[in-house]
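Please open the structure in your viewer and keep the selection tool at hand.

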Amino acid sequence: MTDQTEPSVVYDAGDGYAKLTLNRPKTLNAFTPDMHAGLMGGLARAEADPACRAVLITGSGRGFCAGQDLRDRDPRKMDGPPDLSDSVGRYYNTLVRRIREFDKPVTCAVNGVAAGAGIGIALACDITLAGEDAPLAIGFSRIGLVPDAGTSWTLTRRLGEARAMGLALTGGRLSGREAADWGLIWRAVPGEDLATEAENLTAQLARGPAQALRLTRNAIRAAADQPLDDQLELERGYQGQAGRSPDYAEGVLAFLEKRKPCFAGAHDEAEHSK
Ligand code: LHQ
């Protein structure tokens, strides 16, 4: 259901990164097909832009994302039950995979309430920050649904079965502060500081050694699935790749010369020609 003329996702070019703002504030940025298309389009644009080296996802207004737009699923206006597996497969699984497999670091600033699939999207990002008081409302079971958008996976991996089960069965909620204390997200910060913190963090990643960050992300993810011996081999291979990169040479040189490193591609052409 689209009741606005503004784009449902706003793309802003930041300091070496792109900010994608979910923009349906009247519904707390609930997902519609149009918003999915906007987010996928924004990710494609960010991926294609060599000056963009990281992505920040956040929401406009007082919410981050209230999950699926439930007005699109009004039983009074439907002939029969919807095929939610089609909707999950077509939109949410596609989006979660796209974020997880994105070539550049993806951060998320949960600026206000996140619910249902909105939490799944926030947790799919590489680093998630939240306002201390932003509610993360799992919700699904409250409307007769099961966790989706990867939520059952991320909750269980990060919290363990006891807490994941308690949250999922009750459809309970955590504040951003509790989510950070429980290890579900990276950090919670006072609401008024969130935008600046998230933008500084994303800009820092954008200035970083892109290849090393990509390999680091892969290594951290692989660690959850394999024994130490296999992880040691993976680290060996990755370090071999990183050691051959110009970024490593620049990092060491900068250390020896007591200056900040300038990793390749971290600045645009204009910056280089100064
Ligand atoms: C909304 C929504 C919303 C539309 C607030 N839709 N308008 C499901 C189905 C299909 C396929 C794939 O996957 C999924 C997964 C899901 O995401 S299921 C989970 C869907 N989301 C929810 O169950 C959350 C529903 N919303 C809430 O429980 C509350 O609104 C929360 C806890 C998010 C916020 O509560 P409050 O801060 O008290 O705000 P509010 O309830 O007053 O909402 C403000 C407005 O936003 C209000 O509109 P109105 O015109 O009355 O001002 C809500 O109707 C609207 N809104 N969520 N999902």
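The stops that follow concern helices, nonpolar cores, salt bridges and a few individual residues.

This is a predicted model, in which local features need pLDDT of at least 70 and side-chain atom pairs count only at pLDDT 80 or more, while totals for chains, interfaces and linings use all residues. Residues are numbered from 1 along each chain as its sequence is written, and side-chain values use heavy atoms, with hydrogens and water left out.

**Stop 1: helices H1 and H2**

Select residues 33-48, which form helix H1, and residues 84-100, which form helix H2. Helices (H or I, at least four residues) and strands (E, at least two) are DSSP runs, numbered from the N terminus. Two packed helices are described by the angle between their axes and the distance between the axes. Here the axes of H1 and H2 come within 11 Å and cross at roughly 20°. Axes are lines fitted to C-alpha atoms, for helices over the stretch in contact, and angles run from 0 to 180 degrees between N-to-C directions. H1 and H2 are therefore roughly parallel to each other; angles under 35 degrees count as roughly parallel, over 145 as roughly antiparallel, 65 to 115 as roughly perpendicular and the rest as oblique. The crossing of H1 past H2 is left-handed, a term used if the near helix is turned anticlockwise from the far one by less than a right angle, with right-handed used if clockwise.

**Stop 2**

Now display the side chains of Arg98 and Glu47. They form a salt bridge, with the closest N and O atoms 3.0 Å apart. A salt bridge is a side-chain nitrogen of Lys or Arg within 4 Å of a carboxyl oxygen of Asp or Glu. Arg98 lies in H2 and Glu47 in H1, so the pair ties together parts that are 51 residues apart in sequence. Glu47 is partly exposed, at 35% relative accessibility. Buried means under 20% relative accessible area, exposed over 50%, and partly exposed in between (1.4 Å probe, protein chains only).

**Stop 3: further salt bridges**

How many salt bridges does the structure hold? The structure holds 18. One of them joins Asp74 and Arg76, whose closest N and O atoms are 2.9 Å apart. Asp74 is buried, at 11% relative accessible area, whereas Arg76 is exposed, at 75%.

Next, select Glu257 and Arg259, whose side chains meet in a salt bridge at 2.7 Å, N to O. Glu257 is partly exposed at 44%, and Arg259 is partly exposed at 33%.

**Stop 4: the nonpolar cores**

Nonpolar side chains tend to be buried together in soluble globular proteins. Select Phe31, Val55, Phe64, Ile99, Val110, Leu155 and Leu184: these have the most contacts inside the largest nonpolar core, which has 45 residues. A nonpolar core is a set of buried Ala, Val, Leu, Ile, Met, Phe, Trp, Tyr and Cys residues joined through side-chain atoms within 4.5 Å. Helix H3 (residues 117-124) supplies the largest share of this core, six residues. A second, separate core has twelve residues, among them Ala54, Leu129, Ala198 and Ala203.

**Stop 5: helices H3 and H4**

H3 and H4 pack at an angle of about 60°, with their axes 9 Å apart. That makes H3 oblique to H4. H3 passes H4 in a left-handed crossing.

**Stop 6: residues in loops**

Most residues other than glycine have a negative phi. Lys258 lies in the loop between H10 and helix H11 (269-273) and is exposed, at 77%.

Finally, select Ser245, in the loop between helix H9 (228-243) and helix H10 (246-256). Is Ser245 buried or exposed? Ser245 is buried, with a relative accessible area of 12%. Its side chain reaches the backbone oxygen of Ala242 at 2.7 Å, within the 3.5 Å limit for a pair of N or O atoms in a polar contact; within protein, one atom must be able to donate a hydrogen and the other to accept it, and residues adjacent in sequence count only if both atoms are side-chain atoms.
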